[in-house]
Amino acid sequence: MTTTTTQRYVSFVLLLLGIAFLAFPLLILLFSSFKPNVEVYAFPFHFFPERWTIANYFSAWSSNLDRYAWNSVVTSAIPTLTSIVFGILAAYALAKMSFLGKGLILKFIVLMMLVPLDILVVPMFQLFKSFQLLDTLSGILIPGLMSAFGVFLMRQFMVQIPDELIEAARIDGCGLAGIIVRVVLPNIKPGIAVLGITTFLSNWNAFTWPFIITSGDTNKTLAVGLASMVTSINNFNPGALLAGGVIMIVPVFGLFVLFQKSITQVYLTAGIK
Amino acid sequence: MSFIKRENWLAYVLVGPVLLFYAVIFVYPLLQMLLLSFQSYDFYTPPEFTGLDNYARLLGDRELLAKLGYTLFYWLIGPITIAASFVTALLLSKLNRGQAFFRSAFYGTSMAPMVALAVVFMYLFSPNHGIVNNVLTDLHLPAVEWLYEPLLAKTVVMSIFFFMNMGFYTILFLSGILGVDQSLYSAASLDGAGRWRQVWHITLPQIRPVMIFATILMTISIFQMYGQIVILTKGGPFGSTETVFMYAMNKAFTDHQMGYAATIVVVLSALLGLISYGILKIGEEKE
């Protein structure tokens with residue numbers, strides 16, 4: 001489509017308005033988290049704090065948020081690591097080896113990618129109860145240990161590696177481990193970055209399952225802990241709650257900024273979540 | 001020959017852990033859920049087989065029917081989000097400078113955790129002293145009981161969904177739009193087709209697979225909305241913001257009717273499967 005300069009300017013302005021609209025709640029959260037508690041609900045509302053303070057962050061941190069944050073890190077980091085490792089292994093077999101049932105397994109993986117596991121909370125609760133995993137960190141993180149999306153994404157990257165490269169490595173005396181480390185890994189780096197971030201984030205943001213299986217304060221993740229703080233918003237100090245929201249977002253945006261190039265690139269070319 | 005056999009064996013070892021995982025975390029619970037749907041189970045006494053009782057109850061459950069209505073109402077945010085994302089993606093595709101910035105910015109907003117957004121929305125729409133009411137009062141307008149009014153409460157829940165998803169779908173559509181063969185457009189402009197006709201007759205048909213995928217993905221995520229409702233309204237006022245999924249969760253974990261909850265989820269999943277299949281078929285037919 002031919003586009004005139006005026007059209008470009010109009011698009012630009014409209015997009016700027018759009019992004020301002022989408023980012024608005026996040027900006028309110030950010031700026032209000034620096035307001036002293038008396039100012040948070042003060043009338044009339046000011047977008048920026050009149051007096052800046054970071055007291056909310058300290059008070060949030062000392063009211064269990066340190067524990068929630070640690071739980072979130074544990075229940076997000078471990079699944080990220082295992083999803084990557086097992087994703088690469090399975091993907092290598094699916095991309096570069098031939099064996100009976102391969103097509104069927106691939107279909108199964110795609111199906112697992114599309115089916116939301118949340119629909120299974122009722123029987124999962126029963127299962128985890130019989131293994132005494134309710135209200136434990138292991139219970140929270142086990143359903144995320146592997147990712148069908150990860151297998152699929154890794155495979156998409158691996159099928160693009162020429163067979164000759166792998167054959168050459170084999171002739172040079174590389175075993176499976178050698179081939180994966182020396183040939184495969186260097187070629188799928190952007191894929192690993194994307195898989196790492198998406199798995200980390202989906203576990204970091206996970207709500208339904210951790211909410212249902214945690215009962216005490218000890219094992220709540222940030223998502224669940226913050227949610228329980230919201231529902232008591234009227235008797236809790238609201239500034240700390242807003243600070244908690246920011247604390248939950250910071251690692252997300254940190255990772256995004258670090259890896260945004262590979263993320264948007266992969267989505268743009270692969271077009272998959 | 002022995003080489004192939006060895007490779008065969010190795011492949012199963014590599015794929016094994018993932019398959020085993022999904023057998024335990026998906027296949028087994030799925031079968032268990034089907035079994036539960038024919039049982040009555042309250043956590044404390046052993047499950048009891050009750051045949052089709054749960055299904056019969058489900059057919060006569062007027063409350064469930066109401067929740068289905070609310071869920072379908074929530075579904076309306078789907079087309080709105082898709083339309084907004086598509087238009088944004090179209091605008092983005094026209095930029096030759098600054099596209100990378102907007103791409104990252106739009107996608108970035110969709111990464112914000114749901115719970116963090118729920119925190120802000122609670123701050124904004126809290127009925128007594130929320131910021132929106134604060135501003136309304138400041139403008140000498142009457143304050144509104146956002147979360148205590150069934151329709152408004154639903155709207156707030158839907159807005160969170162919009163804010164969470166618009167950026168992602170924009171990037172998804174942009175990837176589709178950028179993949180359209182540019183020569184189709186030049187041919188169309190030679191034929192005198194205007195801009196909107198080009199969008200309607202070239203862009204939309206060309207990105208149909210992306211649209212179908214987006215519609216299905218969005219339907220699934222709307223039908224299992226849970227967190228933002230729990231946090232903002234706890235399902236109220238009068239259960240008017242509950243979805244079918246949330247109703248099932250309450251039946252399971254508040255009323256301890258695991259069997260009936262399983263039945264609801266089984267039927268809901270079947271319904272979701274049917275709807276997805278329907279979207280796929282309708283999408284393909286028009287080709």
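Which residues have the most contacts inside the largest nonpolar core? They are B:Val115, B:Ala118 and B:Val119, in a core of 152 residues. A nonpolar core here means buried Ala, Val, Leu, Ile, Met, Phe, Trp, Tyr and Cys residues joined through C-beta atoms within 7 Å. Buried means 20 or more other C-beta atoms within 10 Å of a residue's own, with C-beta atoms placed from the backbone. Helix 8 of chain B, residues 150-178, gives the most to this core, with 16 residues.

Before going on, keep in mind that this is a predicted model, where local features need pLDDT of at least 70 and side-chain atom pairs count only at pLDDT 80 or more, while totals for chains, interfaces and linings use all residues. Residues are numbered from 1 along each chain as its sequence is written, and chains are lettered from A and ligands numbered from 1 in the order in which they are written.

Now zoom in on B:Ala118. Setting aside neighbours within four places in sequence, B:Ala118 is in contact (C-beta atoms, placed from the backbone, within 7 Å) with A:Val230, B:Ile160, B:Gly227, B:Gln228, B:Ile231 and B:Leu232.

That brings in chain A. Chain A has 13 helices and zero strands, helices being DSSP runs of H or I with at least four residues and strands runs of E with at least two, numbered from the N terminus. Of its 273 residues, 43% count as buried, and its C-alpha trace spans about 75 × 65 × 35 Å along the principal axes.

As for how the chains meet, 79 residues of chain B are in contact with 73 residues of chain A. On the chain B side, helix 1 (residues 2-36) gives the most, with 19 residues.

Conventions. A residue is buried if 20 or more other C-beta atoms lie within 10 Å of its own, exposed if 12 or fewer, and partly exposed in between; C-beta atoms are placed from the backbone. Two residues are in contact if their C-beta atoms, placed from the backbone, lie within 7 Å.
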